[in-house]
4 protein chains.
Amino acid sequence: VTTGRVEAFSDGVFAVAVTLLIFNVQVPHIADGELASALLALWPAYASYVVSFLTIGIMWVNHHELFRLITRVDRALLFINLLLLMVVAFLPFPTAVLGEYIRGGPSSRTAAVLYSGTLELIGLAFGALWIYAARHRDLLIADLDPAYARATVPTFTVGSIAYLLAIAFAFVSAAITLAICALVAIYYIFNRLPEVAGKAENRA
Amino acid sequence: VTTGRVEAFSDGVFAVAVTLLIFNVQVPHIADGELASALLALWPAYASYVVSFLTIGIMWVNHHELFRLITRVDRALLFINLLLLMVVAFLPFPTAVLGEYIRGGPSSRTAAVLYSGTLELIGLAFGALWIYAARHRDLLIADLDPAYARATVPTFTVGSIAYLLAIAFAFVSAAITLAICALVAIYYIFNRLPEVAGKAENRA
Amino acid sequence: VTTGRVEAFSDGVFAVAVTLLIFNVQVPHIADGELASALLALWPAYASYVVSFLTIGIMWVNHHELFRLITRVDRALLFINLLLLMVVAFLPFPTAVLGEYIRGGPSSRTAAVLYSGTLELIGLAFGALWIYAARHRDLLIADLDPAYARATVPTFTVGSIAYLLAIAFAFVSAAITLAICALVAIYYIFNRLPEVAGKAENRA
Amino acid sequence: VTTGRVEAFSDGVFAVAVTLLIFNVQVPHIADGELASALLALWPAYASYVVSFLTIGIMWVNHHELFRLITRVDRALLFINLLLLMVVAFLPFPTAVLGEYIRGGPSSRTAAVLYSGTLELIGLAFGALWIYAARHRDLLIADLDPAYARATVPTFTVGSIAYLLAIAFAFVSAAITLAICALVAIYYIFNRLPEVAGKAENRA
């Protein structure tokens, strides 16, 4: 299987998943005159929308950069990618749960663990995708330095470690958990695969 | 009609259908402190999400492999493909029904028959697509051995027979029905069109 | 503007609109043991799903065939296409209304008028798209016989006239209205732009 | 990063966001015989659907024209584009709020401010995208006159100023706010980037 179709498959899922996130923000049904405060009270839904949107959005870009280094897809890689997409497409659910239960109490802990745990799974699946590809040189572009490919692995693991921290902080405050997840997204916008990107740029 | 547009049409439907599945998992509305158990109680919704996601995901890949062997699309093939997409896009509904009614009672039987019956229809439509194409050599790529094409037909029928089994087991247990459907999806990940794939790889 | 982007825009809207139709089929919430009859009672939702899916699906194919004859898009054509997509993306709403109110009474008339009226608008917008293009030779491919292009206009108008009939029959029976709309969809599967298609095939 | 992937990312979000707008129009649940008036009473939902659809639709076309002038995407541009898509994908929510609360009272003011404020943010993000690109010649196509690029900036700012006016009029009438937003959409259909478009046409 060439990578073209796998990328098209992935593109579709990423694009739809990211756009469906807005359905987690429900129109409030209230008596006249209280709409402004009802809209402001939805801030957790807005905040989790922003964090999930940025996380999936930047992962899409990084997913594409990875696949510029991959020329061939075997069955195992196909399956890992399918698992990655399955957790990405699952994210709207934890996002909705966090948006509804972030405010105090034991439910906020549960919601924050579910949310950061899903992001941890996404991070692990993404890392597994690249680690598998980096260990199978026949799947990579011919002129890619294998040491180079392995050197990029830490970049992926940063996210997975940060999400573990986010899970731990869920027991302190769901808002802190969300803030850590936001920082990871911003980190990947400005530190996405610097070496891999550089390598790919040389080829272009 | 060239196949490019039919593939784009199919890609869109597959990608959106697979990503919409998450809407079958509804955010529970509960009093504080009971969120963890409410989330755990949603396991049938998660399980049917996973099975439907993998089934559509792997079918998308196989659909693409088929179309690498097809060069031309006539009206009948177009219509069969449209029927296939119509049942694929219908799957979120049986998935939601199974997720809600899988636990015991006569309703679980009904839900499991609806779910596995829809998958049976998807399998039959997919098989019909390939059988029709394999019988019309003018639709296939020039250098494809016709005996070769016919030899792949059993690969498609395995799924249809397994789904019949799943329908029968619906009267025993809806969970067993779902498990059989999961096994079919995993089977197609690791046994997808070996010969067709091999043939296509030789060409690339 | 080249047509590539307009087609991508249109493809996205067609694919998402067709797949969203399934959300009109709501999971019934019933006591145990009555699920089978509750699912059977949803037949109007299934029927309107099938008709709308086939209608949009085949229109997508015809839309693509039209754009194989168009090389350039001016502002007016862009605007007509946007209006066409706007009514296509609107169709899930009348489909849901018809699925809920098709059974008897004055509401079934209203629902059937809304549904067939929306299809009439889609048909008119599609016809306007082609009539506009056929009258502006600088937008069409160089070797297209203008008499040829004009000769295809009747093919488009058949649908618009049939939908008018469907609107009229809404006052007799909403089911007849839906049946007429189904026949139009099937007609366009087997009679889609024969001459235009033939012409395009000669070029390929 | 080449622009191809950023455009595919953007295309997906634009197409899904525009098609999801119809979910803001809810099927009315009423007693028999009142469906016609219930459907007519939904006019604010239809009106906000039309304005949002045209606004996103035409912005998609303009987004594509911009990217025909951009050859390279750096991290900052990637981030600005992600913010633009985030507000575009957010629009279905204000559209739904306006559709429900447009009729009189203080809530209509709040809904109209939210709606026009979101469009203002979309306009600002779109303007920021182009201003950033126009100031970084290494991101633009080689033969683009920089004075030319800068001359197009006013075209973008017209929308942002008109949306400020729409926000101000929200305190008079939500319907006037919606009408101003509709006029901006129509303005951009017939006045989209005349010079940039001309320039791009010369290249094609």
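**Group meeting: a tyrosine, an interface and a serine**

Hi everyone. Let's start with Tyr188(C): leaving aside its neighbours within four places in sequence, this tyrosine is in contact with Ile58(C), Asn62(C), Thr155(C), Phe156(C), Val158(C) and Gly159(C). Before I go on, please keep in mind that this is a predicted model.

So where does Tyr188(C) sit? You'll find that residue in helix α9 of chain C, which covers residues 174-190. Is Tyr188(C) buried or exposed? Its relative accessibility is 13%, and because buried means under 20%, Tyr188(C) counts as buried. With Asn62(C), the separation in sequence is 126 residues, yet the C-alpha atoms are 8.5 Å apart in space. With Gly159(C), the side chain of Tyr188(C) reaches the backbone nitrogen at 2.9 Å.

Now let's move to how chains B and A go together. Chain B can be superposed on chain A by a rotation of 90°, with 0.0 Å of shift along the axis and an RMSD of 0.0 Å. The two copies are therefore related as by a four-fold rotation axis. If you want a landmark in chain B, take Val16(B): its C-alpha is the nearest to the axis, at 4.5 Å. The copies use different surfaces, as 7% of the contact residues of chain B recur in chain A.

How many residues meet there? On the chain B side there are 41, in contact with 32 residues of chain A. Together the two chains bury about 3,300 Å², and 73% of that is on carbon and sulfur atoms. Between chain B and chain A there are zero salt bridges, while five residue pairs are in polar contact, both residues being at pLDDT 80 or more.

Which elements of chain B give two or more residues to the side that touches chain A? They are α1 (3-20), α2 (35-40), α3 (43-69), α9 (174-190) and α10 (194-203). The most comes from α3(B), with 12 residues. By type, this side of chain B divides into 26 nonpolar, seven polar and eight charged residues.

One last stop, still in chain B: Ser108(B), in helix α6, residues 105-134. At 7% relative accessibility, this serine counts as buried as well. Not counting residues up to four places away in sequence, Ser108(B) touches Tyr101(B), Ile102(B), Arg103(B) and Ala174(B).

That's my tour, and I'm happy to go back to any part of it.

Note on methods:
Residues numbered from 1 in each chain as written. Chains lettered and ligands numbered in written order. Predicted model: local features only at pLDDT ≥ 70, side-chain atom pairs only at ≥ 80, totals over all residues. Heavy atoms only, no water. Helix = DSSP H or I, 4+ residues; strand = E, 2+ residues; numbered from the N terminus. Buried < 20%, exposed > 50% of the residue type's maximum accessible area, 1.4 Å probe, protein only. Contact = heavy atoms within 4.5 Å. Least-squares fit on C-alpha atoms with pLDDT ≥ 70 in both. Buried area = accessible area lost by both parts, 1.4 Å probe. Salt bridge = Lys/Arg side-chain N within 4 Å of Asp/Glu carboxyl O. Polar contact = N/O pair within 3.5 Å; in protein donor to acceptor, adjacent residues only side chain to side chain. Nonpolar A, V, L, I, M, F, W, Y, C, P; charged D, E, K, R; others polar.
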